[in-house]
2 protein chains.
Amino acid sequence: MFTLSEENYLKAIFHLEMMSGTGISTNAIASKLETKASSVTDMVKKLAEKQVLVYKKYQGVSLTKSGKTTAARIVRKHRLWEVFLVEKLNFSWDEVHDVAEQLEHIKSPKLTRELDAFLGFPKTDPHGDPIPDHEGRFDSVEKRLLSSLKENEVGVCVGVDDSSSNFLQYLDKNGISLGEKIEVLSIESFDGSLSIKVAGKVLSISSKIATNIYIQS
Amino acid sequence: MFTLSEENYLKAIFHLEMMSGTGISTNAIASKLETKASSVTDMVKKLAEKQVLVYKKYQGVSLTKSGKTTAARIVRKHRLWEVFLVEKLNFSWDEVHDVAEQLEHIKSPKLTRELDAFLGFPKTDPHGDPIPDHEGRFDSVEKRLLSSLKENEVGVCVGVDDSSSNFLQYLDKNGISLGEKIEVLSIESFDGSLSIKVAGKVLSISSKIATNIYIQS
DNA sequence: AAATATTTTTAGTCTTGTCTAAAAAATTAT
DNA sequence: ATAATTTTTTAGACAAGACTAAAAATATTT
């Protein structure tokens, strides 16, 4: 069994490994968790003893099989709760994160199992991210950044990179949501900003926005 | 804002005050929380500084208005989650307690509000206990013990005193559930055991059982 | 390859919440 | 009313998790 703190470390390392492969540095973990590198060193030693990760001094850490499963199960719970909040309790996709962050630590296999069934075994959360199964497996949705489209290409919004409230509210305001068709009308070569058509309306978005939206063709 | 531990102390004291009035002893709290009296003294000092209770050395403690509201809100969440687990996730009434014990600490006013609405604003939990409103008010269901009935009197099961898994499973096995009509056929003066009729079947129960079932006439 | 800069670890401290053992107060019994 | 008992509090210690400051290792420059 893991403490709240241990679970948060596992989840952070899991996410970092998803993005940048194996061998995660102390500093990367510290900045993700908004803590200090020295605290990370302490915790990482503890987790190494529990066999959920491998740690060699000055070499960063890597999750073991068991560590990956444990972390994926936390992510699974987080995303299931997000679906619940949006579909059943009228939360919008920018409001779910903080609450799911708490709910993901509830320990009850039956609860997770039944919640999954109650929601109809969803495959993705409200931001388009895949929900791992009990064994920690999940389809890595093949997705590209909106910014990788060329002029006149079309895609469907399948996810976002940044889940901050600000960003999601911006998307809502402009009619961009999961499943929405996005057409690139033109690309401004000067600053990389795009003119896109979404939900029938034409819209100009910065390149920064475009690198935070995932689409599928 | 209160820590997990502080919330558990508040809830314990709240429950003790419900049963035995004001001025709760250190020892009573310690035994309810399965901790030591010295730990209670420490925590109680902390909570007194936070103005949620009044503490005078050697005199026991009493919740303030604000302490009562805080505690009732935790109880509110606990009982709403119990309803959710039983009504939506196929938990039986003997399985809900441990999970609700975790869920009651989730901090999100919107979550509590929406959950309440989602469940149709229930007034009692699966054990028949009243669900406080946001302000901490609740109808104290006037209930009597089954053991207070005389021969040939009839009542409806509205709650239980003991919520342990063992006891609830015993009730399930014998067809006793909330809303069930119970008729006292005879009382054995020797040991106080009762012969009752419930769900069409005749059943003999000990006096201990009868003092753990609440009925309304 | 030495010097500098960065990253990581160690050592020691702090807070929260708990515990044990001993002291102090309150209660009960004689 | 004094003695014995029980309850409660104090004092000091400990574990978890975090922090600061300094030391050690690694990386980067020149």
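A:Trp81 and A:Phe84 are both located in helix 4 of chain A, 3 residues apart, about one turn of the helix; helices (H or I, at least four residues) and strands (E, at least two) are DSSP runs, numbered from the N terminus. The model is predicted: local features need pLDDT of at least 70, side-chain atom pairs count only at pLDDT 80 or more, and totals for chains, interfaces and linings use all residues. Residues are numbered from 1 along each chain as its sequence is written, chains are lettered from A and ligands numbered from 1 in the order in which they are written, and side-chain values use heavy atoms, with hydrogens and water left out.

Over all chains, the structure holds 8 aromatic pairs. Rings of Phe, Tyr and Trp (its six-membered ring) pair if their centres lie within 6.5 Å, and planes under 30 degrees apart count as stacked, over 60 as edge-to-face and the rest as tilted. The ring centres of A:Trp81 and A:Phe84 are 5.6 Å apart and the ring planes stand at 85 degrees, so the pair is edge-to-face.

Two packed helices are described by the angle between their axes and the distance between the axes. Axes are lines fitted to C-alpha atoms, for helices over the stretch in contact, and angles run from 0 to 180 degrees between N-to-C directions. In chain A, the axes of helix 1 (residues 4-20) and helix 4 (residues 65-88) come within 9 Å and cross at roughly 95 degrees. Helix 1 of chain A and helix 4 of chain A are therefore roughly perpendicular to each other; angles under 35 degrees count as roughly parallel, over 145 as roughly antiparallel, 65 to 115 as roughly perpendicular and the rest as oblique. Helix 1 of chain A contributes residues including A:Leu10, A:Phe14 and A:His15 to the contact, and helix 4 of chain A residues including A:Ala71, A:Ile74 and A:Val75, where contact means heavy atoms within 4.5 Å. By class, this contact has 6 nonpolar, 3 polar and 5 charged residues; Ala, Val, Leu, Ile, Met, Phe, Trp, Tyr, Cys and Pro count as nonpolar, Asp, Glu, Lys and Arg as charged, and the others, Gly among them, as polar.

In chain B, the axes of helix 2 and helix 3 come within 8 Å and cross at roughly 110 degrees, and these two helices of chain B are therefore roughly perpendicular to each other. B:Thr26, B:Asn27, B:Ile29 and B:Ala30 of helix 2 meet B:Ala37, B:Val40, B:Thr41 and B:Val44 of helix 3. The contact of helix 2 of chain B with helix 3 of chain B has 5 nonpolar, 3 polar and no charged residues.

DNA strand C is surrounded by 20 residues, of which the closest are A:Lys45, A:Tyr55, A:Lys57, B:Thr35 and B:Lys46; a residue is near a strand if one of its heavy atoms lies within 4 Å of it. Sugar or phosphate supplies 75% of the atoms of DNA strand C within 4 Å of the protein, and bases the rest. Polar contacts are pairs of N or O atoms within 3.5 Å; within protein, one must be able to donate a hydrogen and the other to accept it, and residues adjacent in sequence count only if both atoms are side-chain atoms. A phosphate oxygen of DNA strand C is 2.9 Å from a side-chain N or O atom of A:Thr41.

A side-chain N or O atom of B:Tyr55 is 2.5 Å from a phosphate oxygen of DNA strand D.
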